[in-house]
Amino acid sequence: MQYLKTYLKTISDRGNPKLAESISKTAEDVGTQHLKNFSFFSHEIGLLFGNVQSGKTGQMFGIICKAADLGFPVFVLLTTDNVVLQQQTLDRVKVDLTGFCVCGENDSGLFIKNSLMVPTIIVLKKNYRILRLWANVFASTGFMRGNPLFIIDDEADAASLNTLVNKGRQSSINKYLDSIKNGASSSIYLQVTGTPQAIFLQTIASGWHPYFTYYFEPGDGYLGGDFFFPKNKTADCITFLEDISKPEHNVAVHHLAVSGQLLASGGKVCNCLIHPSVRQAVHSKYEKAMQAELSWCLEHIDDEFRTELKNAYNEIHPEKSLKADFDTVFKIVKKLLQNHEVKVLVMNGKHDIDSSEYSTGSNIVIGGNTLGRGVTFPALQTIYYTRTSKNPQADTMWQHSRMFGYDRDPGMMKVYIDEPLYKLFSDINATNNSIIAQIEKGTENIKIYYPDGLNPTREAVLDNKKVFTLSGGTNYYPFNPGNNTIEYLDKFLSSFDEKEAFYQVSLRLMKEIFNHITSDDDFDISSFVSVIDMILADKPSAQGILIVRRNRDVAKGTGALLSPNDWNLGGSFTDYVVLTMYKVTGRKGWGGKELWIPNIKLPGNIVYYDVKASDEESSN
């Protein structure tokens, strides 16, 4: 049978033709570019990158179907170590994918009985006991000795990577995933995530750095980073906590106004999310605070509250439904309050909340780390961030941004947040957009950057001997530079004389200069070129500052290359790449010969992350 064609028809028959088109494009692109010519004796690793809560599951299913059409017989679909999520994924596979043998964690007998007569999908959570069991199943049956294995790792940056890399050991989950993929004659391991920071910072030698990356765009109606954190402005839906005196009160009133509107227009649910610290005592504090606000609303239902609700009602402008008249909205809200139907739910290690509890009605959900991966809140219209993390990690922060999704009404969204946290989210979004631009431009060495103080991911999964940083605002120059042709550089730079203190130039010109500079490991030219490529991917006409000086009698090994004046001049350009080219006389070291030496300063108070290639990696 034609697996992809059948799956696309299933999606279209449900009334989602646009989604079917998106899935078809992803599946055909990945199939043509990365699966069709698979060698069936190699082990390859790739990355499917999509925005948080933008529909990755459908895209994964499409790729599975395309791979089945191309002859792959066995698929392992990995979920996070969550019993409910694994079961939900298993149920969805059974409903959505026709013609496959679908196995859960305890279905090794079914796998053996099927004997690869039809393509098999095995849905496993990333738990070392489960992975060890199936590693043994694959080894004992012998099926995989002559067949390729296709592994799809959902949320691949969570749990799968080696958390003991800096201790010279291998974490259990990482070890058994290695065993499963390398136990087959060949394999494709497709990492899937909306936060690929940790994955891009893996070394090639680790076996977990993607050989290829595919980005799929979100569909129509998706509210993501660019909606909430647009470039160079504050989104209309944002209310800064610094500007209001009673945030919990404002949150409650806005949530009730939107609840009334959604329920009046035929909706079934309206959710509000409060994201305080991870401490359970703080969760209880906000639970009591929100209960108190709802009690106040009920006590003042026909006077002060009605006035405040009317003000909140006037501020919402629904785009996905006709706006109900205020009297209708007020009547619904009054009933919700009088019948105590507005639920305040706490989600943490102490309180286990099923998704059914916030799938209908009006709900205020409070929680910490449990609000991360795999948790989806329908019709989430109000979000309240109560604090800024002291040690923020970009991928964790982004995964906790449950505001993203398709079923939000942009005209009624409201995010209550302090300005420093909003700035952090804006910086994360800017880097996400940079990653997307690099992928779409075909950049091989994806670069990641963040402001100083914002870490890309947890340190435990990064090899501290290999991952290094380049700091914006810092001057870098090589200790042992070389010119592979000084004559070319003389000619190339001849039009840049010292009559002008500096020149504004294309970053592409700087790349050409670096093509003729060599250096030892202390100054990794490829890293600086990769940063320039990253900037060009986002802005092809990006400009930089070039400073050219000749006949410089600078001694080697003094610890500084630039003169005080040139140091200060370069430092005055905080938002540009600044490249200063000194031609030294060679009378004070430098091998006794004239030489062009580069000094580069990257933009801003930003840290750029890179991964050193080993000698073996560099030769491949």
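Helix 15 and helix 18 pack at about 90°, their axes 8 Å apart; the axes here are lines fitted to C-alpha atoms, for helices over the stretch in contact, and angles run from 0 to 180 degrees between N-to-C directions. That angle makes helix 15 roughly perpendicular to helix 18, on a scale where under 35 degrees counts as roughly parallel, over 145 as roughly antiparallel, 65 to 115 as roughly perpendicular and the rest as oblique. Helices (H or I, at least four residues) and strands (E, at least two) are DSSP runs, numbered from the N terminus. This is a predicted model, in which local features need pLDDT of at least 70 and side-chain atom pairs count only at pLDDT 80 or more, while totals for chains, interfaces and linings use all residues. Residues are numbered from 1 along each chain as its sequence is written, and side-chain values use heavy atoms, with hydrogens and water left out.

Now for who touches whom at that crossing. Ser434, Ala437 and Gln438 on the helix 15 side meet Met534, Ala537 and Asp538 of helix 18, contact meaning heavy atoms within 4.5 Å. Sorted by class, this contact has three nonpolar, two polar and one charged residues; Ala, Val, Leu, Ile, Met, Phe, Trp, Tyr, Cys and Pro count as nonpolar, Asp, Glu, Lys and Arg as charged, and the others, Gly among them, as polar.

Helix 18 (residues 525–538) also has helix 17 (residues 507–514) as a partner, with axes that come within 10 Å and cross at roughly 160°. The pair is therefore roughly antiparallel. Their crossing is left-handed, which is the label if the near helix is turned anticlockwise from the far one by less than a right angle, with right-handed used if clockwise. From helix 17, Leu507, Arg508, Met510, Lys511 and Phe514 meet Ile525, Val529, Ile532, Asp533, Ile535 and Leu536 of helix 18. Here the class count is eight nonpolar, no polar and three charged residues.

A further helix pair involves helix 2 (residues 17–35) and helix 3 (residues 56–69), whose axes come within 8 Å and cross at roughly 45°. That makes helix 2 oblique to helix 3, and the crossing is right-handed. Ser22, Ile23, Thr26, Ala27, Glu28, Val30, Gly31 and Leu35 of helix 2 meet Gly58, Gln59, Gly62, Ile63, Lys66 and Ala67 of helix 3.

Next, the cores. The largest nonpolar core has 82 residues, and those with the most contacts inside it are Phe111, Ile122, Phe138, Phe228, Val415 and Ile417. Such a core is a set of buried Ala, Val, Leu, Ile, Met, Phe, Trp, Tyr and Cys residues joined through side-chain atoms within 4.5 Å; buried means under 20% relative accessible area, exposed over 50%, and partly exposed in between (1.4 Å probe, protein chains only). Helix 15 (residues 419–440) supplies the largest share of this core, eight residues. Leaving out residues up to four places away in sequence, Ile417 touches Ile238, Thr239, Phe240, Leu241, Glu242, Tyr385, Tyr422 and Phe425. Another core, of 37 residues, lies apart from the largest one and includes Ile23, Ala27, Leu48 and Ile63.

Thr431 sits in helix 15 and, at 1% relative accessibility, counts as buried. Not counting residues up to four places away in sequence, Thr431 touches Ile448, Tyr449 and Tyr450. Met413 belongs to the loop between helix 14 (394–399) and strand 13 (414–417), and is buried with a relative accessible area of 4%.

Finally, a look at the backbone. Most residues other than glycine have a negative phi. Leu116, though not a glycine, has a positive phi of about 65°; it is in the loop between helix 5 (108–114) and strand 4 (120–125) and is buried at 18% relative accessible area. Ala159, not a glycine either, has a positive phi of about 80°. Ala159 is placed in the loop between strand 5 (148–154) and helix 7 (172–182), and its 34% relative accessibility counts as partly exposed.
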